[in-house]
Amino acid sequence: MQYTNLGGRLVAAIAVFAVALSGCGKRPAPPKPAPPTVSTSIAADGSVVPAETLPGIIAPYQNVAIQSTLTEPADSVVVQEGDHVRRGQLLAQLDTADLEANLQADLATAKSDAANTSHLQYAGSLAITQGVNGVSSSQAMLEQANKTLTNDRTNLIRDQQLYANGYVALQVVQQQQTLVANDEQTVRNDIASLGSAKSLVSANGSMNGPGLQSTSIQQSQATEAMALSQAQQIRVQIQKARIASPVDGVVVNRVLNPGEYPGTRQLFTLQQTNPIFAIVTGSGQQVAKLHVGAPADVVVSDLRPQPFHGTVAAVLNQINPGSTNFIVKVLLQNPGDQIRAGMAVEARLATPMLHGVRIPTTAFVDDTHSTVMTVHNGTVTTVKVREAGGDGAYSVVSGLAAGTRVISDGQAGYTDGQQVAIR
């Protein structure tokens, strides 16, 4: 009986073992995973406006250093450092009492010279008239003397004939000879007087031409003009005693106080801050394509994330001899003086437009923008390209044909030869 039970258990065990073996047969293979789905873009002909992003700092449009050549003390100083001033606004007033006194003295001198000029004009006119009259009088006297001489010579010839015929005495002839000699001397004297009168007229000249009288008047007029010129210089100095702002700007330095003498020091420093410059630096490659007038967006992070819009005002040469850094000046409008000198900025400067095969900038695999991933018949292929330029969103490249499908996110980690599905 026991032997029979042992046999039954053996059969049962064998049956269980058989069932177990049947459960260890070959199972079906799991399904193959689907390829990843990727976003792609089609490379196409297009254009971009590249931009260079350069760091820099805000600088005033101009710094104005104000000095004074006057030696007068300051009566008042009406501005403080940090004040906003307008062009022509009073900064300080220097004392002008001495200058006013000098002005009055010069004006009095000019008035005296003007009176002397008037006196010389009247005197010169009188002298010229008298000289002309003297010539006329001398000519008349000479003519009369010649007539008298002619008459007395005729009488002498007649008396000599009468004496020869015995009709008059020798004494009569001798008296007539003496009279003729006196007449001849009178003629000579009148000739000399006429010459002297003519010389005087020639020396006096006319009121409008060369001559003694006109030159005397001109000398007096020159003296008057010199006095008036000195008075004008004093007026200019009085105007300079009012020290005014030459620009709209901010007072950044003041070293003059009431009662102090200006000396040769710098009294005020003003900064014109509207417009204002963003001074940025870049390498030769970065500035090579920039040009004056190009649009620029300048971000002043201390104020706001939105950019201020401006234009390139100048592209300057290297900062220092031997340096490879160049300066670009961007002109910004600054109403209300929001932007302050010294703030750090980042400027995005537009360069000339580029045309060619255009792809999204995100398609580049590497930071050097030299590799992209393309998809053809579901297979990823690595392609080397060369970026000509980009605007941050799109780039123009060479080495890629138009119509090629590129993976939009080049840094998503796809590998060469990988199978993908196109979204």
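Q: How are helix α2 and helix α4 packed, in angle and axis distance?
A: Helix α2 (residues 97-164) and helix α4 (residues 212-240) pack at an angle of about 165 degrees, and their axes lie 8 Å apart. Axes are lines fitted to C-alpha atoms, for helices over the stretch in contact, and angles run from 0 to 180 degrees between N-to-C directions. Helices (H or I, at least four residues) and strands (E, at least two) are DSSP runs, numbered from the N terminus. The model is a predicted one, in which local features need pLDDT of at least 70 and side-chain atom pairs count only at pLDDT 80 or more, while totals for chains, interfaces and linings use all residues. Residues are numbered from 1 along each chain as its sequence is written, and side-chain values use heavy atoms, with hydrogens and water left out.

Q: Why are α2 and α4 called roughly antiparallel?
A: Angles under 35 degrees count as roughly parallel, over 145 as roughly antiparallel, 65 to 115 as roughly perpendicular and the rest as oblique. The angle for α2 and α4 is about 165 degrees, and the pair is therefore roughly antiparallel.

Q: In which hand does α2 pass α4, and which classes of residue form the contact?
A: The crossing of α2 past α4 is left-handed. A crossing is left-handed if the near helix is turned anticlockwise from the far one by less than a right angle, and right-handed if clockwise. The contact of α2 with α4 has 15 nonpolar, 13 polar and five charged residues. In this classification Ala, Val, Leu, Ile, Met, Phe, Trp, Tyr, Cys and Pro count as nonpolar, Asp, Glu, Lys and Arg as charged, and the others, Gly among them, as polar.

Q: What makes α2 and helix α3 roughly antiparallel?
A: α2 and helix α3 (residues 170-204) pack at an angle of about 160 degrees, with axes 8 Å apart. α2 and α3 are therefore roughly antiparallel. α2 passes α3 in a left-handed crossing, and their contact has 20 nonpolar, 13 polar and seven charged residues.

Q: Why is Leu54 called buried?
A: Buried means under 20% relative accessible area, exposed over 50%, and partly exposed in between (1.4 Å probe, protein chains only). Leu54 has a relative accessible area of 0%, so Leu54 is buried. Leu54 is placed in strand β4. Beyond its neighbours within four places in sequence, Leu54 is in contact (heavy atoms within 4.5 Å) with residues including Val280, Val328, Val345 and Leu349. Leu54 and Val345 are 291 residues apart in sequence and 8.6 Å apart in space, C-alpha to C-alpha.

Q: Which residues touch the most other members of the largest nonpolar core?
A: This core has 21 residues, of which Ile58, Val298, Val328, Val330, Leu332 and Leu349 touch the most other members. Two or more residues each come from β4 (51-66), β10 (268-283), β11 (295-299), β12 (308-318), β13 (325-332) and β14 (344-350). A nonpolar core is a set of buried Ala, Val, Leu, Ile, Met, Phe, Trp, Tyr and Cys residues joined through side-chain atoms within 4.5 Å. A second, separate core of 18 residues includes Leu91, Ala92, Leu256 and Leu267.

Q: Why is Thr154 partly exposed, while Thr69 is exposed?
A: Thr154, found in helix α2, has a relative accessible area of 48% and is therefore partly exposed. Thr69 lies in the loop between β4 and β5 (74-77); the value for Thr69 is 69%, so Thr69 is exposed. Thr69 and Gln237 are 168 residues apart in sequence and 8.8 Å apart in space, C-alpha to C-alpha.

Q: How do you know whether Asp337 and His369 are buried or partly exposed?
A: Asp337 has a relative accessible area of 17% and is therefore buried, whereas His369, at 22%, counts as partly exposed. Asp337 lies in the loop between β13 and β14, and His369 in the loop between β15 (354-360) and β16 (371-376).
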